[in-house]
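Student: Could you walk me through this one slowly? I would like to begin with the ligand.

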Amino acid sequence: MVSDKQLQQSDPEIYATIDRERIRQNNGLELIASENFVSTAVLEAMGNVMTNKYAEGLPGHRYYGGCECVDEAERFAIDRACRLFGCRWANVQPHSGAQANMSLYYTLLKPGDTFMGMDLAHGGHLTHGSPVNFSGRTYHVVSYGVAKETGRIDFDLLAKTAREAKPKLIMTGSSAYPRVWELAKFRELADELGAYLVCDMAHFAGLVAGKVHPDVVPFCHVVSTTTHKTLRGPRGGLLISNEPGGELLLPGMLKPKTITEALDSWVFPGVQGGPLMHVIAAKAVAFGEALQPEFKTYAQQVVKNAKVLAESLLSLGYTLVSGGTDTHLILMDLSSKGWTGKAAEKALEKAGITVNKNMVPFDPQKPMTTSGIRIGTPAVTTRGMGEADMKKIASVIDKTLKNMENEAVLTTIKSEVAELVRSFPLYPKPLVLRGV
Ligand SMILES: *Cc1c(COP(=O)(O)O)cnc(C)c1O
């Protein structure tokens, strides 16, 4: 294990940069809905000698010798992922959520096939068919979205569109939709059309694991996720499935395979090369943490905090897409105030609060400007903040937005924010950098 002292001596420049990032994380109010803070154990597990190992293939079936230890780490990760989500099969190798999605599209579709995904401006993800992403360039994409009046998925329109477009796959899940996904009716529709149903639970996997979001696994042929958002693991991807299979001849395959066998071979060699075994070890640690009873308490608190933050913002006169949240995230629509997401993001940053500008459904603004900001509670909840702190956060957000042009006020708010986060220490000195 490389100690941080060694890094400090051998590369003071990068050491200093990383330390400044640690300080930035400690001192800021992190409200980016897709971010979180991993435990010291996860950090330690990431910084280890398994980074040296080539392990193409799967445990017990590798293209390289010397894999007995990494096999064990990967088996732990697979087993824990299966226990966590109640499934029979998992592939823990995807380097990221995007790679997990690429692998499953390659498995279930051939280029030019039609699939349905949520519109990016309505909360979907780039990999759900955006024209600037491989998914939008490789496949014929038909989007669905929310109803203007409710901010909730317009399922009737979705079903009508699906019956016309006859997609081979329906992608569910999102990055900026504040409501839960209830997939029973999606599965009924998919079955009617003979389509695959997939859920990308990248944002809310931790809420599913903590049982505060309805389960998605029983309804889907395949579920993909990231491991670093609400799930609070290292940066990476994960595929899981409960498909019993049956032999299938899927596109690009010479011999029939089950869906899960095909998924395994589309992760590697289809999409990726050698797995990141040190990250897989850290995924195993994170899944182990998520299996503990404390994680359920954490997930419950994430949602409670988001609800209180939403209610506080509503009572201050703000508009929230869909009128609130039942997850970890809130989408504020600032258009009625005449403000843009871009300006709000910048002012909040000056006040020490990190959020991201985000399109709202039917947004008249461009993606680089937007009318909205997306706010999430996973990271501040990890720090230990509770409902009373959410009320304070709503009030500093309000004060910031009302003083966007007033540098002096923003500076004062910044010190108030620093004061608030100081009571919730994060990564202390000596530097927790064993992840390097
Ligand atoms: C974050 C996210 C991804 C992509 O994950 P990366 O690890 O950044 O590639 C995919 N899908 C959804 C819904 C996401 O929110």
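Tutor: Of the 14 residues around the ligand, the ones that come nearest are Gly97, Ala98, Ser175, Asp200 and Lys229, where a residue counts as near if one of its heavy atoms lies within 4 Å of the molecule. Please keep in mind that this is a predicted model, in which local features need pLDDT of at least 70 and side-chain atom pairs count only at pLDDT 80 or more, while totals for chains, interfaces and linings use all residues. Residues are numbered from 1 along each chain as its sequence is written, and side-chain values use heavy atoms, with hydrogens and water left out.

Student: OK, and which atom of the ligand does Asp200 face?

Tutor: A polar side-chain atom of Asp200 lies 2.5 Å from a nitrogen atom of the ligand, whereas Lys229 places a polar side-chain atom 2.8 Å from an oxygen atom of the ligand. In the side chain of Ser175, an N or O atom is 2.9 Å from a ligand oxygen atom.

Student: How much of the ligand does the protein bury?

Tutor: The protein buries 86% of the 380 Å² that the ligand exposes when taken alone, with accessible areas from the Shrake-Rupley method and a 1.4 Å probe.

Student: And which helix gives the largest share of the shell?

Tutor: That is helix H5 (residues 97-108), with three residues; helices here are DSSP runs of H or I with at least four residues, numbered from the N terminus.

Student: Last one, which domains line the largest cavity?

Tutor: Its lining draws at least three residues from each of domain 1 (9-30 + 300-421) and domain 2 (46-290), with bounds from an automatic or database domain assignment.

Note on methods. A polar contact is a pair of N or O atoms within 3.5 Å; within protein, one must be able to donate a hydrogen and the other to accept it, and residues adjacent in sequence count only if both atoms are side-chain atoms. Helices (H or I, at least four residues) and strands (E, at least two) are DSSP runs, numbered from the N terminus.
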